[in-house]
Amino acid sequence: MSHTTRREFIVQTAGALGAVAFMPSLIAKGAQIDGRLDVAVIGAGRQGRSILGELQKFAGVRVVGICDNNPGRLNSGLRRVQGAEGFADHRAMLDKLSGCKAIVIATPTHLHREIAIDCLGAGRHVYCEAPLAHTVEDCRAIVIAARRASGLVFQSGLEGRSNPIYQLARTFFRSDAVREPVSLEAQDYRKTSWRFPSPDPRFDREINWRLDPEVSLGLAGEMGVHQFDVMMWYLDAIPESVIGAGSIRVYDDGRAVADTIDCALRFPRGLGMRYGASLGNSHGGRYELLRGTNAAIKLAWTAGWMFKEADAPTQGWEVYANRQQFHNEEGITLIADATQLASQGKLQEGVGLPNPPLYYALGDFIASVAEGKPAICDAEAGARATIVAIHAAKSVTGEDIVRIDPSLFQF
Amino acid sequence: MILPLSIHAMGTRFEFVLSGATEPSLRAVGEAALEEVQRLHAALSVFQPESMLSFINRTACDRAVRLDEDMWNLMNLCDRVHRDSEGAFDPTVGVVMRRLGLHPGDGEDGPIGWADLVELDERERTIRLTHRGVRIDLGAIAKGFALDCSAGVLREHGVEAALLHGGTSSVIAIGAPPDREGWTVSIHSAGEAIEVDLADRALGVSAPRGRIVACEGGSVSHVIDPRSEHSAEQVDTAAVVGSSAGVADAWATALVVLGGRPASMCDELESMIHGQDGWVCSQRTCPQEVS
């Protein structure tokens, strides 16, 4: 990575579009726990197992319980954590593990409501994966339960809110660096059938709940909710309507849930957001792109960049930026604490996050529980994004414009 | 039916060929097996700062890091092969790889020597690094280990015949194709090829001249002798057949470093080494050479 003087930087960005890579401090922020915090995880599917892996990184955090009604998944979860006790029923776990203060819920979406309310009712702090629920009614029930549970933390698992890159980029988005938003775009493309194997046919419908139109929000809900939330959080606004379409392009295996979708969401003052997702092609992967009159920001969960317009004014912080090759263009890398990191020889370690985004979301939850601080993304924020995702899913299945009633967000 | 599935991970292409009854269920099982590769790529990559391995390299010198069962088993496997190979297989060789320009980085130096630098606590299931700057690099074992985990998923879901490979140098076979005794795999080295039939067996191949990097004063191969910190180039190719692809991978690298089969190598493992004298095989009858 080469260094760039202020003069060189100005020369480069005056004539061409520059790419700025957002990079927070390479030193990972992590929750500091005085003593020990016992945590249990409900749901040991793929996401639940990722959560178990990340929780083990936190000194002082002990996973004492894992709950899943599927014996195969439960055993798979228990293999990952030493000393945790397994349960098939979450109520039995709450009763037995009386010293366990915090619960992470990673079950299928339509089961969140009952479990979250039971956990809060049992006096436990809750981290609940997003989307929060599959119906507006369930979202509202969770918000009310979280509000009544005074003194308890309820964090919605919208990972963008905790992501240091997204937090840093948001400060630029809301400043003169990007200026007036012009258009928004997001996508999540991957190559997988979304069907999971089930050794026992009795569990097939339960395991493949994402393909069950009665309970699944499809791609718009399960994948889109995180990306809708990023836009809503950055803009501090809620879409007014959404129109969508979906089809089965690849996996014509009897499923009724679309494997490819396109949506157009309309934010206040006519600002549009395009959203595409597919299980049939992985090109481009998962990212959000926010275009403004001065610059565009592209966020890809473990990295982020800003592309400046040629007529955008030079910002003071750019002086500290280093150059970086981005595709065929040479841009500049933005690194917090760049001078300090350079002196430590750490600038060369790459521009990605030092931990997966999930780590930061769980770290914020642990810090909130340990320090008694409000959740970084509370139940209401989670419900807002989920309600938008529910409407997007409805527009995909109905292939029509769906208006989003603002009164739904009055909890 | 035969179902091929592929994925790019660990800097190469993994390809699985599955034999089974119906597509939706076979594809679902195959994708679950591919997901194991993706999961382990995300956990074991030394190039991605967010991987668990990078977390260990950054953190385990300050405090013991808890490991999940997979990572614990992998670290123990590394420990065992390191000891049995008398240090010829050593995952702490990463600092030398970086110093020689085989891996990206600024050439930041650090100590080398698994036995003295890595502490595994079985009771707590933790790892601790005794010195700062240790860089564990699992490149010589990760592909095989990922294939072992993937094969475990396939077997768990009743797949009885499949061939899995990562970059063609790590292979594992489940059962055999219909009407065959095994999956036939050719190993080519300096114009001389042999064929092995694999049925519920794994193969690891290491060829030091497979990747050459120019450096000051000449070129180096991608296999480094951790004891001398120089390129290991005594043999053209080493191949190992055993029940575990991870073990076969690690031993294939160790044999390239050692230049021959040591007495300490477990009898269960078959070795085939190609050098100046052609193929030298551990079993009584060498696999048939093919043109």
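Reader: What share of the contacts in chain B with a separation of 6 or more comes from residues 24 or more positions apart?

Author: In this predicted model, residues 24 or more positions apart account for 58% of the contacts in chain B with a separation of 6 or more, where contact means heavy atoms within 4.5 Å. In chain A, among contacts between residues at least 6 apart in sequence, 72% join residues at least 24 apart. Because the model is predicted, local features need pLDDT of at least 70 and side-chain atom pairs count only at pLDDT 80 or more, while totals for chains, interfaces and linings use all residues. Residues are numbered from 1 along each chain as its sequence is written, chains are lettered from A and ligands numbered from 1 in the order in which they are written, and side-chain values use heavy atoms, with hydrogens and water left out.

Reader: How many helices and strands does chain B have, and how many are there in chain A?

Author: Chain B has 7 helices and 18 strands, and chain A has 13 helices and 17 strands; helices (H or I, at least four residues) and strands (E, at least two) are DSSP runs, numbered from the N terminus.

Reader: Why does Asp70(B) count as buried?

Author: Buried means under 20% relative accessible area, exposed means over 50%, and partly exposed lies in between (1.4 Å probe, protein chains only). Asp70(B) has a relative accessibility of 16%, and therefore counts as buried. On this criterion 56% of the 291 residues of chain B are buried, and 58% of the 411 residues of chain A.

Reader: What makes a polar contact with the side chain of Asp70(B), and which residues is Asp70(B) in contact with, leaving aside its neighbours within four places in sequence?

Author: Asp70(B), which lies in helix α3 (residues 69–84) of chain B, makes a side-chain polar contact with the side chain of Arg39(B) at 2.5 Å. A polar contact is a pair of N or O atoms within 3.5 Å; within protein, one must be able to donate a hydrogen and the other to accept it, and residues adjacent in sequence count only if both atoms are side-chain atoms. Leaving aside neighbours within four places in sequence, Asp70(B) is in contact with Arg80(A), Arg39(B), Phe145(B) and Cys149(B).

Reader: What makes α7(A) oblique to α10(A)?

Author: Helix α7 (residues 164–173) and helix α10 (residues 224–235) of chain A pack at an angle of about 45°, with their axes 10 Å apart. That angle makes α7(A) oblique to α10(A), because angles under 35 degrees count as roughly parallel, over 145 as roughly antiparallel, 65 to 115 as roughly perpendicular and the rest as oblique. The axes are lines fitted to C-alpha atoms, for helices over the stretch in contact, and angles run from 0 to 180 degrees between N-to-C directions.

Reader: Which residues make the contact of α7(A) with α10(A)?

Author: Tyr166(A), Gln167(A), Ala169(A), Arg170(A) and Phe173(A) take part from α7(A), and Val230(A), Trp233(A), Tyr234(A) and Leu235(A) from α10(A). By class, the contact has 7 nonpolar, 1 polar and 1 charged residues, where Ala, Val, Leu, Ile, Met, Phe, Trp, Tyr, Cys and Pro count as nonpolar, Asp, Glu, Lys and Arg as charged, and the others, Gly among them, as polar.

Reader: Why is α2(A) called roughly perpendicular to α12(A)?

Author: Helix α2 (residues 46–55) and helix α12 (residues 357–371) of chain A pack at an angle of about 65°, with their axes 10 Å apart, and that makes α2(A) roughly perpendicular to α12(A). In this pair, Gln47(A), Ser50(A), Ile51(A), Glu54(A) and Leu55(A) meet Leu358(A), Tyr359(A), Leu362(A) and Ile366(A).

Reader: Is Glu86(B) exposed or buried?

Author: Glu86(B), in the loop between α3 and α4 (94–99) of chain B, has a relative accessibility of 58% and therefore counts as exposed. Its phi is near 55°, a positive value in a residue other than glycine.
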